[in-house]
Amino acid sequence: MKVTLIAHTPNPEQVVAAAARLCYSNASVDDLLAGLTPQKSREFVRMLAGMGHESPTEHASFTFAIEGVSRSLLAQITRHRIASYSVQSQRYVRMDGFGCITPPEIAQNPEAEAAFCEAMEQQNGHYRRIAGILKEGHIRRLTAEGMDEAAAAKKAEKLAIEDARFVLPNACDTKMVVTMNARSLCNFFRHRCCSRAQWEIRALAKEMLRLVLETAPALFENAGPSCVCGPCPEGRMSCGRADAVRAEYAALKKEAYGHGPEAQ
C-alpha cells in the first residue's frame, strides 16, 4: 500500500478559523483573515472542536493518491459518500498480470498462501483467455461491417476487456485518487480506524490520518476511532482494547506533531 497526500486546501486551519469567525462575529469578508496567525487559527479550531461545531471544517479538503489496495477496499471506501473518487478503470486498462493483495492471515499460512496464489494465477489465465476470445470475435464482426483492421482491433480490445473484467477477483489491486473534506475525514477515521474495521481499510485510514496530522494537527487532534475521545460505541461487539487503542493513536499523533506545523 502506498498513500500520498498530493494536495490540500492551503492553510487549512486558517481557512476553517476564518469560516467560523464569520459565524460568530460581524467581521466583514475583508477582515476574516486579520490576525489569524497559525497559533490563533489552531486555538480557534480547538475551540470549535470543544463546542462540537463541525460545519466550518468542511471548507478544508485533502486529496490522496492511493495504490496497492484491493477492489475489496474500493467497495468499502466508496460507502463514504461525501467524497470524490477517481479509480483506475478496468474497462479501459487491460489487467493482464494484475497484482493482488494478499490478506495477512493467508500470507502467514503457507498452505493457504499456496492455494491463494494458485487461485490468482488461474483467474489471471481465465481473464486473458476470455479477453482473447472476445477480442477475436469483435475483430471479425467489426471488419465484416467495413471497419479497417487497425480501428477494429482497437475497438475490439476495449469491448473485450470490458466484459472479461467480470472474472477478476476482489484481491485484484487498484489505484485511486480520493478527496474528502476535514469533517468527512473525521467521520471516516471514526469508522475505519476502529479495531473492528477490516484490516486493509484500517491500515489505509491510519496512514491517511498520519498524513493530515502533519499538515493540520489541530484540525485532527481528536481524530481516530470513537474510543479515542470517548467510550467505545460498539457495545458487546467492542474489541475490549480501548486503552491500548488510545495509546496507539496518542503515539501516532505525538510522532506527527514532531514533523508537522505543530513542531514549528
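Of the 48 residues in the largest nonpolar core, those that touch the most other members are Phe-62, Phe-64, Ile-77, Phe-189, Leu-209 and Phe-220; a nonpolar core is here a set of buried Ala, Val, Leu, Ile, Met, Phe, Trp, Tyr and Cys residues joined through side-chain atoms within 4.5 Å, and buried means under 20% relative accessible area, exposed over 50% and partly exposed in between, with a 1.4 Å probe and protein chains only. Helix α8 (residues 199–215) supplies the largest share of this core, 8 residues, where helices (H or I, at least four residues) and strands (E, at least two) are DSSP runs numbered from the N terminus. Apart from this core lies another, of 11 residues, among them Met-95, Leu-168, Ala-171 and Cys-172.

The model is a predicted one, in which local features need pLDDT of at least 70 and side-chain atom pairs count only at pLDDT 80 or more, while totals for chains, interfaces and linings use all residues. Residues are numbered from 1 along each chain as its sequence is written, and side-chain values use heavy atoms, with hydrogens and water left out.

Ile-77, when its neighbours within four places in sequence are left aside, is in contact (heavy atoms within 4.5 Å) with Tyr-85, Met-176, Val-178, Met-180, Phe-188, Ile-201 and Leu-204. At the start of α7, a side-chain oxygen of Asn-181 comes to within 3.0 Å of the backbone nitrogen of Arg-183.

Ser-61 sits in strand β2 (residues 61–70) and is partly exposed, its relative accessible area being 27%. Not counting residues up to four places away in sequence, Ser-61 touches His-8, Thr-9, Thr-179, Met-180 and Asn-181.

Helix α7 also takes part in the largest pocket, where it gives the largest share of the lining, 4 residues. A pocket is defined on a 1 Å grid over the protein atoms alone, as an open set of points where a 1.4 Å probe fits, with protein on both sides within 12 Å along at least five of seven lines, and lining residues have an atom within 4 Å of a point. The lining comprises 23 residues, of which Ala-49, Glu-54, Cys-186, Arg-190 and Asn-222 lie nearest the centre of the pocket, and the elements that give two or more residues to it are α2 (38–51) and α7 (182–192).

His-53 is found in the loop between α2 and β2, and is buried, with a relative accessible area of 19%. The side chains of His-53 and Ser-55 are joined by a polar contact of 3.1 Å, a polar contact being a pair of N or O atoms within 3.5 Å, of which, within protein, one must be able to donate a hydrogen and the other to accept it, and residues adjacent in sequence count only if both atoms are side-chain atoms.

Asn-109 caps the N-terminal end of α5, with a side-chain oxygen 3.1 Å from the backbone nitrogen of Glu-111, whereas just after α5 Gly-146 takes a positive phi of about 105 degrees.
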